[in-house]
Amino acid sequence: MADIIHPFYEAHRGAMEAAMRHRLELAEAMLRERANLSDLDGIWQEVMDEFDIVLTQMPYVGGAENRMSDFFMRLMGFMAISRVLRRHGVPPPMIGEIERETYKAQLLTMPEAERFAAGDQFMSSENQALLREQATKSTTESHQEQFPEDFVYDFVEPGPGDNFEFGINYKACGFCKFAARHGDKDILPNICGLDFDAYATRGIHLARTQTLAGGASHCNFRFSRLPPE
């Protein structure tokens with residue numbers, strides 16, 4: 001049934017809702033000052049109600065066995081925020097700016113040592129091996145048949161003259177599929193904009209010049225380590 005939350009997401013629901021409430025607290029001043037919204041208590045309730053709907057719409061792509069499940073759990077709540085703010089007349093570009101600043105502020109509440117350790121783990125040879133493995137799996141016919149709403153991507157090795165450590169080319173995007181299915185294409189770029197701060201706060205430089213959401217054939221993520229401050 002359409003109103004059922006997958007058991008995997010239900011098991012993580014408490015943590016996702018707590019993250020949502022934290023984001024709403026961090027966004028409060030920006031929504032008052034930039035979006036001229038006053039009834040924030042009412043808007044927050046709308047957001048949490050919309051998040052309940054988003055939870056029923058989130059595609060299951062393999063749970064803990066698939067690294068992309070974490071992306072859905074961390075970022076899909078911004079779809080709920082975007083939908084509600086759009087209904088209240090906030091322009092999508094302003095929604096994107098507020099969400100990006102909110103997400104960065106939330107990420108920076110984590111101790112620096114933990115953030116940078118997470119960045120080191122992401123850039124590690126062990127994680128690169130996992131990325132290669134899951135990238136190969138994502139392109140198989142069997143995986144795409146089992147999880148049609150999942151991402152499809154290739155691992156990219158640097159070539160001569162390249163100044164990145166490794167890259168990922170996303171040839172199909174779970175968020176794009178979600179937005180097309182549920183009428184969220186105009187707010188989809190807000191999700192794309194979150195990536196840069198998500199990596200930068202962990203000491204990683206993300207270079208990206210094109211996205212599927214922008215009409216390109218693939219999203220070209222290129223990763224390198226930020227120099228220490």
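For these notes, I count a contact as heavy atoms within 4.5 Å. This is a predicted model, so I keep to its cut-offs: local features need pLDDT of at least 70, side-chain atom pairs count only at pLDDT 80 or more, and totals for chains, interfaces and linings use all residues. Residues are numbered from 1 along each chain as its sequence is written, and side-chain values use heavy atoms, with hydrogens and water left out.

I looked up M58 to begin with. Leaving aside neighbours within four places in sequence, M58 is in contact with Y9, M16, F72, M73, M76 and F178. Buried here means under 20% relative accessible area, exposed over 50%, and partly exposed in between, with a 1.4 Å probe and protein chains only. The core has 65 residues, and L31, M58, F175 and F223 touch the most other members. Helix 3 (residues 40–57) gives the largest share of this core, 8 residues. Helices (H or I, at least four residues) and strands (E, at least two) are DSSP runs, numbered from the N terminus.

**R23**

R23 sits in helix 2 (residues 13–33). A salt bridge needs a side-chain nitrogen of Lys or Arg within 4 Å of a carboxyl oxygen of Asp or Glu. A polar atom of the R23 side chain does lie 2.6 Å from the backbone oxygen of R74.

**Strands**

Strand 2 (residues 166–172) has 6 of its 7 residues buried. Two strands pair if DSSP finds at least two bridges between them. Strand 2 runs antiparallel to strand 1 (residues 152–156), with 5 bridges, and V152 has A172 as its bridge partner. Strand 2 also pairs with strand 4 (residues 219–225) in the antiparallel sense over 5 bridges, where I168 stands opposite F221.

**Salt bridges**

I get 19 salt bridges. K171 and D154 form one of them, with the closest N and O atoms 3.2 Å apart. K171 is in strand 2 and D154 in strand 1, so this pair ties together parts 17 residues apart in sequence. K171 is partly exposed at 41% relative accessibility, and D154 is partly exposed at 29%.

Key. A polar contact is a pair of N or O atoms within 3.5 Å; within protein, one must be able to donate a hydrogen and the other to accept it, and residues adjacent in sequence count only if both atoms are side-chain atoms. A nonpolar core is a set of buried Ala, Val, Leu, Ile, Met, Phe, Trp, Tyr and Cys residues joined through side-chain atoms within 4.5 Å.
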